[in-house]
Amino acid sequence: FHFGQASANARVGNDINSFMQSARGSLFLDDRNGHIAFSERSNVGKAAVVVVPFLDLNRNGHRDPMEPAVEGMQLKSAPGRQQVSSDGTQIRIYDLEPYVLTMLELDPISLDNIAWRINHLKVQLEPLPNHYNVVEIPVEVMGEVSGMVYLQDENQQRGLGRILIHILDQKGQQVTQLLSEGDGYFFHLGLAPGTYRAVIDADQLERLQLTAWPASIEFEIKVNELGDIVDTLEFVLQQKGN
């Protein structure tokens with residue numbers, strides 16, 4: 001049997017007949033995730049871990065009913081024997097020593113979407129014997145923002161490179177700073193859902209004797225399982241006095 005080991009022996013001699021049967025194996029029951037498994041090995045006293053990655057849409061660090069599981073995540077390193085669920089959303093690790101600190105290292109490259117991010121790539125735990133120790137891995141969904149910086153030159157516009165753009169949150173704190181490319185294009189992936197404001201660097205505008213229109217652009221990164229994209233930001237710069 002692929003799920004257990006069994007043996008039977010019979011001995012006949014000196015008018016004495018003896019028969020012996022034996023079987024061994026293990027039954028795993030994970031009632032939290034609705035999983036039953038069998039093993040030909042004896043795992044009594046051993047520990048097991050189930051790793052469950054999920055999209056943390058509200059970014060509270062805990063899995064809520066509306067937050068889906070994430071498929072395809074892999075581990076860079078882990079002790080024990082690994083088994084991936086049929087739908088690819090859970091990784092089960094068996095044959096662990098209980099009460100021994102265990103380190104799991106996650107592989108962020110294995111995620112299917114570049115907008116998904118794992119904040120903590122290493123997880124340390126102390127598994128309990130005869131239990132499925134559940135480790136939920138929150139995966140945050142990040143947004144993307146992009147746009148153009150133009151220079152108004154007489155009656156035409158052309159893209160302007162090496163212009164600093166600050167991305168500020170609702171409190172006015174800088175989240176990131178971008179630099180436009182040679183054709184005026186700028187881009188950033190890694191914004192959490194929320195409301196932001198983009199502004200051109202004021203000191204740079206003063207040095208170049210330029211003004212920006214509009215002075216700032218407010219935009220929103222919405223909650224989306226695939227990651228939201230805002231690509232409509234446009235700044236037009238022109239010489240002061242024009």
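Contact means heavy atoms within 4.5 Å. The model is predicted: local features need pLDDT of at least 70, side-chain atom pairs count only at pLDDT 80 or more, and totals for chains, interfaces and linings use all residues. Residues are numbered from 1 along each chain as its sequence is written, and side-chain values use heavy atoms, with hydrogens and water left out.

**View 1. Surroundings of D201.** D201 touches L164 and H166, residues up to four places away in sequence not being counted. The loop that holds D201 runs between β18 (194-200) and α1 (202-208); helices (H or I, at least four residues) and strands (E, at least two) are DSSP runs, numbered from the N terminus.

View 2. D201 is buried but has no salt bridge. Buried means under 20% relative accessible area (1.4 Å probe, protein chains only), and a salt bridge is a side-chain nitrogen of Lys or Arg within 4 Å of a carboxyl oxygen of Asp or Glu. The D201 side chain reaches the backbone nitrogen of D203 at 3.3 Å.

View 3. The whole structure contains 2 aromatic pairs, defined by ring centres of Phe, Tyr or Trp (its six-membered ring) within 6.5 Å. Y196 and F219 form a stacked pair (planes under 30 degrees apart), with 5.7 Å centre to centre and 25° between the planes. Because Y196 lies in strand β18 and F219 in strand β20 (residues 216-221), the pair ties together parts 23 residues apart in sequence. Both Y196 and F219 are buried.

Notes. Buried means under 20% relative accessible area, exposed over 50%, partly exposed in between (1.4 Å probe, protein chains only). Lys and Arg count as positive and Asp and Glu as negative; His and the chain ends are not counted. A polar contact is a pair of N or O atoms within 3.5 Å; within protein, one must be able to donate a hydrogen and the other to accept it, and residues adjacent in sequence count only if both atoms are side-chain atoms. Rings of Phe, Tyr and Trp (its six-membered ring) pair if their centres lie within 6.5 Å; planes under 30 degrees apart count as stacked, over 60 as edge-to-face and the rest as tilted.
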